[in-house]
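Please open the model in a viewer and keep the selection panel at hand.

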Protein chains: 2
Amino acid sequence: MKPKDTEAEILKAAEQEFMLRGFDGAKTAAIARSAGVTHAMLHYYFRTKEQLFERILSDKMSLMGRSVLTAFGNPGLPPLERLKDGISRHFDFLMANPDLPRFIINEVFSRPERYELMRGEISRIVDRLMQGVQQELDKLAGQGEIESVDVRMLMLDAVSLNIFPFIAYPVIEPIFGNIAVDREQFFALRKAENIEVIMRRIKK
Amino acid sequence: MKPKDTEAEILKAAEQEFMLRGFDGAKTAAIARSAGVTHAMLHYYFRTKEQLFERILSDKMSLMGRSVLTAFGNPGLPPLERLKDGISRHFDFLMANPDLPRFIINEVFSRPERYELMRGEISRIVDRLMQGVQQELDKLAGQGEIESVDVRMLMLDAVSLNIFPFIAYPVIEPIFGNIAVDREQFFALRKAENIEVIMRRIKK
DNA sequence: AAATGGTTTAACAAATCCGTCTAACAAAAT
DNA sequence: ATTTTGTTAGACGGATTTGTTAAACCATTT
(Lines give C-alpha, C1' and ligand atoms only; values in the text may rest on other atoms or scores of the structure.)
Protein backbone atom coordinates (compact mmCIF):
# COMPACT_ATOMS: atom_id res chain seq x y z
CA MET A 1 0.00 0.00 0.00
CA LYS A 2 1.63 3.16 -1.16
CA PRO A 3 -1.14 5.71 -1.24
CA LYS A 4 0.79 8.93 -0.73
CA ASP A 5 2.91 8.18 -3.72
CA THR A 6 0.35 8.36 -6.50
CA GLU A 7 -1.71 11.02 -4.77
CA ALA A 8 1.35 13.24 -4.70
CA GLU A 9 2.14 12.40 -8.30
CA ILE A 10 -1.33 13.41 -9.36
CA LEU A 11 -1.13 16.64 -7.40
CA LYS A 12 2.21 17.50 -8.94
CA ALA A 13 1.00 16.82 -12.45
CA ALA A 14 -2.26 18.66 -11.83
CA GLU A 15 -0.39 21.67 -10.56
CA GLN A 16 1.67 21.81 -13.71
CA GLU A 17 -1.26 21.38 -16.06
CA PHE A 18 -3.58 23.78 -14.29
CA MET A 19 -0.91 26.44 -13.92
CA LEU A 20 0.03 26.17 -17.57
CA ARG A 21 -3.40 25.86 -19.15
CA GLY A 22 -5.95 26.97 -16.58
CA PHE A 23 -9.01 25.01 -15.55
CA ASP A 24 -10.62 24.79 -18.98
CA GLY A 25 -7.42 24.21 -20.85
CA ALA A 26 -6.20 21.42 -18.60
CA LYS A 27 -7.48 17.94 -19.45
CA THR A 28 -7.76 15.22 -16.82
CA ALA A 29 -6.39 12.64 -19.21
CA ALA A 30 -3.25 14.72 -19.69
CA ILE A 31 -2.83 15.10 -15.94
CA ALA A 32 -3.19 11.37 -15.43
CA ARG A 33 -0.79 10.53 -18.21
CA SER A 34 1.75 13.02 -16.89
CA ALA A 35 1.38 11.51 -13.43
CA GLY A 36 1.88 8.03 -14.85
CA VAL A 37 -1.47 6.64 -13.75
CA THR A 38 -4.78 5.84 -15.39
CA HIS A 39 -7.26 8.65 -15.38
CA ALA A 40 -9.55 6.63 -13.15
CA MET A 41 -7.05 7.19 -10.35
CA LEU A 42 -7.63 10.87 -10.54
CA HIS A 43 -11.29 10.34 -9.73
CA TYR A 44 -10.49 7.80 -7.07
CA TYR A 45 -8.38 10.30 -5.15
CA PHE A 46 -10.20 13.52 -5.88
CA ARG A 47 -13.67 12.58 -7.11
CA THR A 48 -13.85 15.31 -9.72
CA LYS A 49 -11.69 17.62 -11.78
CA GLU A 50 -13.35 20.48 -9.94
CA GLN A 51 -12.24 19.23 -6.52
CA LEU A 52 -8.73 18.56 -7.69
CA PHE A 53 -8.57 22.06 -9.09
CA GLU A 54 -10.01 23.48 -5.89
CA ARG A 55 -7.16 21.94 -3.97
CA ILE A 56 -4.51 23.40 -6.25
CA LEU A 57 -6.06 26.84 -6.47
CA SER A 58 -6.55 27.35 -2.76
CA ASP A 59 -3.00 26.20 -2.10
CA LYS A 60 -1.74 28.70 -4.61
CA MET A 61 -3.96 31.48 -3.38
CA SER A 62 -2.70 31.24 0.16
CA LEU A 63 0.87 30.96 -1.11
CA MET A 64 0.40 34.14 -3.10
CA GLY A 65 -1.12 35.90 -0.12
CA ARG A 66 1.59 34.82 2.27
CA SER A 67 4.28 35.91 -0.17
CA VAL A 68 3.47 39.58 0.29
CA LEU A 69 3.13 39.19 4.02
CA THR A 70 6.38 37.36 4.57
CA ALA A 71 8.32 39.56 2.16
CA PHE A 72 7.30 42.87 3.68
CA GLY A 73 6.23 41.70 7.07
CA ASN A 74 8.72 40.48 9.56
CA PRO A 75 12.13 41.98 10.02
CA GLY A 76 12.96 44.57 12.63
CA LEU A 77 14.51 46.88 10.09
CA PRO A 78 13.95 50.61 9.91
CA PRO A 79 10.98 51.44 7.66
CA LEU A 80 12.88 52.37 4.54
CA GLU A 81 15.18 49.39 4.72
CA ARG A 82 12.20 47.23 5.41
CA LEU A 83 10.47 48.49 2.29
CA LYS A 84 13.57 47.96 0.20
CA ASP A 85 14.04 44.50 1.63
CA GLY A 86 10.38 43.72 1.10
CA ILE A 87 10.49 44.54 -2.59
CA SER A 88 13.63 42.50 -2.98
CA ARG A 89 12.25 39.45 -1.24
CA HIS A 90 8.91 39.70 -2.96
CA PHE A 91 10.74 39.84 -6.26
CA ASP A 92 12.78 36.79 -5.34
CA PHE A 93 9.63 34.93 -4.52
CA LEU A 94 8.29 35.75 -7.95
CA MET A 95 11.47 34.54 -9.62
CA ALA A 96 10.90 31.22 -7.90
CA ASN A 97 7.21 31.22 -8.88
CA PRO A 98 7.10 33.11 -12.15
CA ASP A 99 3.68 32.07 -13.35
CA LEU A 100 1.85 32.04 -10.10
CA PRO A 101 0.36 35.53 -10.43
CA ARG A 102 -1.03 34.92 -13.88
CA PHE A 103 -2.66 31.71 -12.70
CA ILE A 104 -4.30 33.34 -9.68
CA ILE A 105 -5.52 36.37 -11.55
CA ASN A 106 -7.00 34.31 -14.32
CA GLU A 107 -8.81 31.78 -12.30
CA VAL A 108 -10.09 34.26 -9.78
CA PHE A 109 -11.25 36.46 -12.60
CA SER A 110 -13.09 33.69 -14.39
CA ARG A 111 -14.76 32.58 -11.14
CA PRO A 112 -16.44 35.49 -9.46
CA GLU A 113 -17.59 33.19 -6.69
CA ARG A 114 -13.97 33.23 -5.57
CA TYR A 115 -13.94 36.97 -5.01
CA GLU A 116 -15.29 36.55 -1.51
CA LEU A 117 -12.64 34.04 -0.54
CA MET A 118 -9.97 36.29 -1.97
CA ARG A 119 -11.44 39.29 -0.25
CA GLY A 120 -11.02 37.58 3.13
CA GLU A 121 -7.46 36.51 2.40
CA ILE A 122 -6.52 39.99 1.25
CA SER A 123 -8.22 41.89 4.05
CA ARG A 124 -6.32 39.99 6.71
CA ILE A 125 -3.04 40.79 5.02
CA VAL A 126 -3.84 44.44 4.69
CA ASP A 127 -4.91 44.79 8.27
CA ARG A 128 -1.92 42.98 9.65
CA LEU A 129 0.66 44.55 7.44
CA MET A 130 -0.25 47.99 6.30
CA GLN A 131 -1.45 49.71 9.45
CA GLY A 132 1.88 49.35 11.18
CA VAL A 133 3.85 50.46 8.19
CA GLN A 134 1.57 53.43 7.63
CA GLN A 135 2.26 54.67 11.15
CA GLU A 136 5.99 54.33 10.70
CA LEU A 137 5.92 56.17 7.40
CA ASP A 138 3.69 58.89 8.83
CA LYS A 139 6.20 59.36 11.59
CA LEU A 140 9.06 59.72 9.12
CA ALA A 141 6.98 62.09 7.06
CA GLY A 142 6.25 64.12 10.17
CA GLN A 143 9.96 64.42 10.77
CA GLY A 144 10.37 65.64 7.22
CA GLU A 145 12.45 62.60 6.29
CA ILE A 146 10.21 61.44 3.47
CA GLU A 147 7.25 62.45 1.42
CA SER A 148 3.93 61.53 2.97
CA VAL A 149 2.19 58.73 1.13
CA ASP A 150 -0.68 56.28 1.43
CA VAL A 151 0.86 52.88 2.09
CA ARG A 152 -1.72 51.05 0.05
CA MET A 153 -0.91 53.13 -2.99
CA LEU A 154 2.77 52.67 -2.39
CA MET A 155 2.36 48.94 -1.99
CA LEU A 156 0.35 48.73 -5.16
CA ASP A 157 3.13 50.59 -6.93
CA ALA A 158 5.64 48.08 -5.66
CA VAL A 159 3.54 45.03 -6.40
CA SER A 160 2.66 46.29 -9.87
CA LEU A 161 6.28 46.88 -10.72
CA ASN A 162 7.32 43.52 -9.34
CA ILE A 163 4.62 41.33 -10.79
CA PHE A 164 4.00 42.79 -14.21
CA PRO A 165 7.28 41.81 -15.84
CA PHE A 166 6.62 38.19 -14.94
CA ILE A 167 3.07 38.24 -16.18
CA ALA A 168 4.01 39.89 -19.43
CA TYR A 169 7.41 38.35 -19.97
CA PRO A 170 6.78 36.82 -23.39
CA VAL A 171 5.47 40.16 -24.57
CA ILE A 172 8.26 42.33 -23.27
CA GLU A 173 11.14 39.96 -23.77
CA PRO A 174 11.81 41.07 -27.34
CA ILE A 175 12.26 44.64 -26.14
CA PHE A 176 14.95 43.72 -23.68
CA GLY A 177 16.72 41.13 -25.73
CA ASN A 178 19.29 43.86 -26.33
CA ILE A 179 19.60 45.39 -22.92
CA ALA A 180 20.19 42.10 -21.13
CA VAL A 181 21.91 38.98 -22.32
CA ASP A 182 19.52 36.58 -20.68
CA ARG A 183 16.40 36.27 -18.65
CA GLU A 184 18.24 36.16 -15.37
CA GLN A 185 20.15 39.36 -16.00
CA PHE A 186 17.04 41.13 -17.16
CA PHE A 187 15.24 40.32 -13.95
CA ALA A 188 18.22 41.37 -11.88
CA LEU A 189 18.18 44.76 -13.58
CA ARG A 190 14.47 44.93 -13.10
CA LYS A 191 14.66 44.26 -9.40
CA ALA A 192 17.12 47.11 -8.93
CA GLU A 193 14.95 49.41 -11.02
CA ASN A 194 11.86 48.64 -8.96
CA ILE A 195 13.61 49.44 -5.70
CA GLU A 196 14.92 52.64 -7.22
CA VAL A 197 11.48 53.70 -8.37
CA ILE A 198 9.86 53.12 -5.01
CA MET A 199 12.62 54.83 -3.06
CA ARG A 200 12.38 57.87 -5.28
CA ARG A 201 8.64 57.86 -4.85
CA ILE A 202 8.96 58.66 -1.16
CA LYS A 203 12.27 60.50 -1.11
CA LYS A 204 11.91 64.08 0.03
CA MET B 1 -28.32 39.16 -49.40
CA LYS B 2 -26.96 40.75 -46.27
CA PRO B 3 -23.66 39.05 -45.60
CA LYS B 4 -21.90 41.72 -43.57
CA ASP B 5 -24.66 41.75 -41.03
CA THR B 6 -24.35 38.27 -39.60
CA GLU B 7 -20.62 38.17 -40.06
CA ALA B 8 -20.35 41.29 -37.93
CA GLU B 9 -22.74 39.86 -35.36
CA ILE B 10 -20.66 36.73 -35.05
CA LEU B 11 -17.48 38.74 -34.69
CA LYS B 12 -19.01 40.90 -32.01
CA ALA B 13 -20.29 37.92 -30.07
CA ALA B 14 -17.01 36.04 -30.52
CA GLU B 15 -15.09 39.01 -29.23
CA GLN B 16 -17.17 39.10 -26.08
CA GLU B 17 -16.97 35.39 -25.43
CA PHE B 18 -13.27 35.02 -26.17
CA MET B 19 -12.33 38.07 -24.14
CA LEU B 20 -14.37 36.89 -21.20
CA ARG B 21 -13.54 33.20 -21.20
CA GLY B 22 -10.47 32.72 -23.38
CA PHE B 23 -10.12 30.26 -26.22
CA ASP B 24 -10.78 27.11 -24.22
CA GLY B 25 -13.51 28.60 -22.08
CA ALA B 26 -15.48 30.03 -24.98
CA LYS B 27 -17.91 27.65 -26.69
CA THR B 28 -18.90 28.08 -30.31
CA ALA B 29 -22.51 27.31 -29.49
CA ALA B 30 -22.58 30.16 -26.99
CA ILE B 31 -21.07 32.53 -29.52
CA ALA B 32 -23.64 31.53 -32.12
CA ARG B 33 -26.53 31.87 -29.70
CA SER B 34 -25.29 35.25 -28.53
CA ALA B 35 -25.03 36.36 -32.15
CA GLY B 36 -28.54 35.11 -32.84
CA VAL B 37 -27.58 32.58 -35.51
CA THR B 38 -27.19 28.83 -35.77
CA HIS B 39 -23.76 27.51 -35.00
CA ALA B 40 -23.36 26.30 -38.55
CA MET B 41 -23.12 29.95 -39.60
CA LEU B 42 -20.02 30.32 -37.56
CA HIS B 43 -18.37 27.61 -39.64
CA TYR B 44 -19.77 28.99 -42.85
CA TYR B 45 -18.08 32.34 -42.27
CA PHE B 46 -14.94 31.31 -40.44
CA ARG B 47 -14.44 27.58 -41.13
CA THR B 48 -13.20 26.79 -37.61
CA LYS B 49 -13.23 28.10 -34.09
CA GLU B 50 -9.47 28.45 -34.40
CA GLN B 51 -9.73 30.78 -37.40
CA LEU B 52 -12.41 32.87 -35.77
CA PHE B 53 -10.24 33.19 -32.70
CA GLU B 54 -7.25 34.04 -34.84
CA ARG B 55 -9.13 36.95 -36.27
CA ILE B 56 -10.14 38.32 -32.86
CA LEU B 57 -6.73 37.83 -31.29
CA SER B 58 -4.75 39.48 -34.03
CA ASP B 59 -7.15 42.42 -34.05
CA LYS B 60 -6.70 42.81 -30.34
CA MET B 61 -2.96 42.38 -30.50
CA SER B 62 -2.51 45.18 -32.95
CA LEU B 63 -4.93 47.34 -30.98
CA MET B 64 -2.87 46.75 -27.87
CA GLY B 65 0.32 47.56 -29.73
CA ARG B 66 -1.05 50.71 -31.30
CA SER B 67 -2.33 51.91 -27.95
CA VAL B 68 1.17 52.42 -26.62
CA LEU B 69 2.30 53.99 -29.84
CA THR B 70 -0.55 56.47 -30.16
CA ALA B 71 -0.54 57.33 -26.47
CA PHE B 72 3.15 58.15 -26.24
CA GLY B 73 3.87 58.78 -29.84
CA ASN B 74 2.55 61.78 -31.61
CA PRO B 75 2.27 65.18 -30.04
CA GLY B 76 4.86 67.88 -30.37
CA LEU B 77 5.12 68.38 -26.66
CA PRO B 78 8.34 68.80 -24.72
CA PRO B 79 9.67 65.41 -23.54
CA LEU B 80 8.44 65.54 -19.97
CA GLU B 81 4.99 66.75 -20.90
CA ARG B 82 4.91 64.16 -23.60
CA LEU B 83 5.71 61.43 -21.09
CA LYS B 84 3.07 62.70 -18.69
CA ASP B 85 0.54 62.94 -21.47
CA GLY B 86 1.47 59.50 -22.71
CA ILE B 87 0.82 57.85 -19.38
CA SER B 88 -2.46 59.66 -19.09
CA ARG B 89 -3.66 58.69 -22.53
CA HIS B 90 -2.46 55.13 -22.20
CA PHE B 91 -4.35 54.90 -18.94
CA ASP B 92 -7.49 56.28 -20.57
CA PHE B 93 -7.19 53.68 -23.28
CA LEU B 94 -7.07 50.99 -20.62
CA MET B 95 -10.14 52.38 -18.90
CA ALA B 96 -11.96 51.98 -22.19
CA ASN B 97 -10.53 48.48 -22.68
CA PRO B 98 -10.09 47.15 -19.16
CA ASP B 99 -9.71 43.47 -19.92
CA LEU B 100 -7.74 43.71 -23.10
CA PRO B 101 -4.34 43.20 -21.45
CA ARG B 102 -5.38 40.11 -19.55
CA PHE B 103 -6.77 38.60 -22.73
CA ILE B 104 -3.62 39.25 -24.72
CA ILE B 105 -1.25 38.05 -22.06
CA ASN B 106 -3.19 34.87 -21.45
CA GLU B 107 -3.65 33.79 -24.97
CA VAL B 108 -0.17 34.73 -26.06
CA PHE B 109 1.20 32.95 -23.03
CA SER B 110 -0.64 29.74 -23.70
CA ARG B 111 0.37 29.81 -27.37
CA PRO B 112 4.12 30.04 -27.73
CA GLU B 113 3.72 29.89 -31.50
CA ARG B 114 2.44 33.47 -31.17
CA TYR B 115 5.62 34.77 -29.63
CA GLU B 116 7.16 35.38 -33.01
CA LEU B 117 4.20 37.39 -34.24
CA MET B 118 4.23 39.41 -31.06
CA ARG B 119 7.95 39.92 -31.34
CA GLY B 120 7.48 41.55 -34.72
CA GLU B 121 4.68 43.80 -33.55
CA ILE B 122 6.65 44.90 -30.50
CA SER B 123 9.91 45.47 -32.28
CA ARG B 124 8.36 47.91 -34.70
CA ILE B 125 6.87 49.90 -31.85
CA VAL B 126 10.11 50.04 -29.95
CA ASP B 127 12.09 51.14 -32.95
CA ARG B 128 9.64 53.81 -33.95
CA LEU B 129 8.96 55.15 -30.53
CA MET B 130 11.79 54.71 -28.14
CA GLN B 131 14.81 55.85 -30.06
CA GLY B 132 13.54 59.36 -30.49
CA VAL B 133 12.46 59.66 -26.90
CA GLN B 134 15.77 58.29 -25.67
CA GLN B 135 17.63 61.02 -27.52
CA GLU B 136 15.42 63.71 -26.09
CA LEU B 137 15.82 62.39 -22.57
CA ASP B 138 19.57 62.03 -23.00
CA LYS B 139 19.69 65.64 -24.05
CA LEU B 140 17.77 66.75 -20.97
CA ALA B 141 19.98 64.59 -18.81
CA GLY B 142 23.03 66.16 -20.39
CA GLN B 143 21.70 69.58 -19.46
CA GLY B 144 21.28 68.34 -15.89
CA GLU B 145 17.51 68.75 -16.09
CA ILE B 146 16.67 65.16 -15.26
CA GLU B 147 18.22 61.92 -14.13
CA SER B 148 19.60 59.83 -16.95
CA VAL B 149 17.53 56.73 -17.59
CA ASP B 150 17.04 53.95 -20.08
CA VAL B 151 13.77 54.65 -21.88
CA ARG B 152 12.86 51.03 -22.13
CA MET B 153 13.12 50.62 -18.39
CA LEU B 154 11.16 53.80 -17.86
CA MET B 155 8.49 52.72 -20.28
CA LEU B 156 8.21 49.35 -18.62
CA ASP B 157 7.76 51.14 -15.30
CA ALA B 158 4.96 53.20 -16.77
CA VAL B 159 3.25 50.33 -18.53
CA SER B 160 3.51 48.10 -15.46
CA LEU B 161 1.95 50.73 -13.25
CA ASN B 162 -0.78 51.44 -15.75
CA ILE B 163 -1.76 47.93 -16.71
CA PHE B 164 -1.44 45.98 -13.49
CA PRO B 165 -4.38 47.52 -11.63
CA PHE B 166 -6.67 46.55 -14.48
CA ILE B 167 -5.36 43.03 -14.69
CA ALA B 168 -5.57 42.49 -10.98
CA TYR B 169 -8.63 44.56 -10.20
CA PRO B 170 -10.73 41.82 -8.63
CA VAL B 171 -7.83 40.97 -6.36
CA ILE B 172 -6.96 44.49 -5.25
CA GLU B 173 -10.45 45.95 -5.13
CA PRO B 174 -11.06 44.86 -1.52
CA ILE B 175 -7.99 46.78 -0.42
CA PHE B 176 -9.17 50.02 -1.90
CA GLY B 177 -12.80 49.70 -1.05
CA ASN B 178 -12.06 52.20 1.70
CA ILE B 179 -9.78 54.65 -0.03
CA ALA B 180 -12.13 55.23 -2.95
CA VAL B 181 -15.89 55.19 -3.11
CA ASP B 182 -16.12 53.52 -6.46
CA ARG B 183 -14.19 51.99 -9.27
CA GLU B 184 -14.03 55.18 -11.24
CA GLN B 185 -12.59 57.22 -8.40
CA PHE B 186 -10.05 54.53 -7.63
CA PHE B 187 -8.75 54.58 -11.16
CA ALA B 188 -8.63 58.36 -11.19
CA LEU B 189 -6.44 58.28 -8.10
CA ARG B 190 -4.36 55.59 -9.65
CA LYS B 191 -3.73 57.54 -12.82
CA ALA B 192 -2.45 60.50 -10.83
CA GLU B 193 -0.27 58.23 -8.74
CA ASN B 194 1.31 56.63 -11.78
CA ILE B 195 2.22 59.97 -13.30
CA GLU B 196 3.67 61.06 -9.98
CA VAL B 197 5.78 57.93 -9.69
CA ILE B 198 7.24 58.26 -13.16
CA MET B 199 7.96 61.97 -12.84
CA ARG B 200 9.77 61.37 -9.60
CA ARG B 201 11.70 58.57 -11.21
CA ILE B 202 13.43 61.00 -13.54
CA LYS B 203 13.37 64.14 -11.46
CA LYS B 204 16.83 65.38 -10.59
C1' DA C 1 -40.82 32.37 -64.22
C1' DA C 2 -36.63 29.93 -64.34
C1' DA C 3 -32.05 29.95 -63.11
C1' DT C 4 -28.28 31.44 -60.36
C1' DG C 5 -25.76 32.86 -56.45
C1' DG C 6 -24.94 33.35 -51.83
C1' DT C 7 -27.08 32.46 -47.38
C1' DT C 8 -29.47 29.80 -43.78
C1' DT C 9 -31.26 25.76 -41.43
C1' DA C 10 -31.55 21.31 -39.38
C1' DA C 11 -29.86 16.93 -38.94
C1' DC C 12 -25.93 14.30 -38.61
C1' DA C 13 -21.04 12.56 -37.70
C1' DA C 14 -16.89 12.33 -35.17
C1' DA C 15 -14.05 13.41 -31.58
C1' DT C 16 -13.20 14.68 -26.95
C1' DC C 17 -13.76 14.56 -22.29
C1' DC C 18 -15.50 13.71 -17.67
C1' DG C 19 -17.01 10.41 -14.75
C1' DT C 20 -18.53 5.46 -13.37
C1' DC C 21 -18.33 0.62 -12.86
C1' DT C 22 -16.53 -3.86 -12.38
C1' DA C 23 -13.08 -6.83 -11.75
C1' DA C 24 -8.40 -7.72 -10.52
C1' DC C 25 -4.71 -7.04 -7.35
C1' DA C 26 -1.81 -6.46 -3.15
C1' DA C 27 -0.96 -5.97 1.56
C1' DA C 28 -2.41 -6.34 6.07
C1' DA C 29 -5.62 -8.28 9.62
C1' DT C 30 -8.16 -12.09 11.37
C1' DA D 1 -5.53 -19.48 4.58
C1' DT D 2 -9.12 -16.43 4.20
C1' DT D 3 -11.15 -12.13 4.72
C1' DT D 4 -10.84 -7.38 4.54
C1' DT D 5 -9.40 -3.02 3.07
C1' DG D 6 -7.34 -0.01 0.09
C1' DT D 7 -5.51 0.55 -4.60
C1' DT D 8 -5.22 0.00 -9.66
C1' DA D 9 -6.48 -1.05 -14.51
C1' DG D 10 -9.50 -1.16 -18.33
C1' DA D 11 -13.56 -0.76 -20.45
C1' DC D 12 -17.69 1.74 -20.96
C1' DG D 13 -21.41 5.55 -21.15
C1' DG D 14 -23.19 9.91 -21.64
C1' DA D 15 -22.76 14.53 -22.41
C1' DT D 16 -20.69 18.18 -24.72
C1' DT D 17 -18.45 20.23 -28.48
C1' DT D 18 -16.56 20.97 -32.96
C1' DG D 19 -17.20 20.38 -37.65
C1' DT D 20 -19.88 18.61 -42.09
C1' DT D 21 -23.48 18.00 -45.36
C1' DA D 22 -27.54 18.27 -47.99
C1' DA D 23 -31.46 20.51 -48.70
C1' DA D 24 -34.28 24.76 -48.26
C1' DC D 25 -34.46 29.65 -48.80
C1' DC D 26 -34.43 34.09 -50.97
C1' DA D 27 -32.94 37.92 -53.68
C1' DT D 28 -31.36 39.22 -57.97
C1' DT D 29 -30.59 38.41 -62.84
C1' DT D 30 -31.88 36.71 -67.20
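Select residues 49–73 and 115–142 of chain A, which are the helices α4 and α7. The model is a predicted one. Two packed helices are described by the angle between their axes and by the distance between the axes. Here the axes come within 10 Å and cross at roughly 10 degrees. Angles under 35 degrees count as roughly parallel, and α4(A) is therefore roughly parallel to α7(A).

Which residues of α4(A) and α7(A) meet? On the α4(A) side, display A:Met61, A:Ser62, A:Gly65, A:Val68, A:Leu69, A:Phe72 and A:Gly73. Their partners in α7(A) are A:Leu117, A:Met118, A:Glu121, A:Ile125, A:Arg128 and A:Leu129. When coloured by type, the residues of this contact divide into 8 nonpolar, 3 polar and 2 charged.

Next, select residues 49–73 and 115–142 of chain B, the helices α4(B) and α7(B). Their axes come within 10 Å and cross at roughly 10 degrees, so that α4(B) and α7(B) are roughly parallel to each other. Among the residues that make the contact are B:Met61 and B:Phe72 of α4(B), together with B:Ile125 and B:Leu129 of α7(B). The contact of α4(B) with α7(B) comprises 8 nonpolar, 3 polar and 2 charged residues.

Return to chain A and show it whole. Its secondary structure comes to 10 helices and 0 strands. Along its principal axes, the C-alpha trace of chain A spans about 65 × 40 × 35 Å. Colour domain 1 (1–47) and domain 2 (56–202) separately. How many Å separate the centres of the two domains of chain A? Taken over C-alpha atoms, the separation is 31 Å. Where the domains touch, 7 residues of domain 1 are in contact with 8 residues of domain 2.

Finally, display both chains and turn to the largest pocket. Rolling a probe the size of a water molecule over the atoms shows where empty space is left. The largest pocket has a volume of about 640 Å³. It is lined by 30 residues, of which A:Asn106, A:Glu107, B:Arg21, B:Gly22 and B:Glu107 are the closest to its centre. Select α1 (3–25) and α6 (100–109) in chain A and in chain B: these are the elements that give two or more residues to the lining. Which element gives the most to the lining of the largest pocket? That element is α1(B), with 8 residues. By type, the lining holds 12 nonpolar, 8 polar and 10 charged residues.

How values were computed: Residues are numbered from 1 along each chain as its sequence is written. Chains are lettered from A and ligands numbered from 1 in the order in which they are written. This is a predicted model: local features need pLDDT of at least 70, side-chain atom pairs count only at pLDDT 80 or more; totals for chains, interfaces and linings use all residues. Side-chain values use heavy atoms; hydrogens and water are left out. On a 1 Å grid over the protein atoms alone, a cavity is a set of points where a 1.4 Å probe fits but cannot get out, and a pocket is an open set with protein on both sides within 12 Å along at least five of seven lines; lining residues have an atom within 4 Å of a point. Grid points are joined across faces, edges and corners, and a volume is the space filled by probe spheres set on the points. Helices (H or I, at least four residues) and strands (E, at least two) are DSSP runs, numbered from the N terminus. Ala, Val, Leu, Ile, Met, Phe, Trp, Tyr, Cys and Pro count as nonpolar, Asp, Glu, Lys and Arg as charged, and the others, Gly among them, as polar. Axes are lines fitted to C-alpha atoms, for helices over the stretch in contact, and angles run from 0 to 180 degrees between N-to-C directions. Angles under 35 degrees count as roughly parallel, over 145 as roughly antiparallel, 65 to 115 as roughly perpendicular and the rest as oblique. Contact means heavy atoms within 4.5 Å. Domain bounds come from an automatic or database domain assignment.
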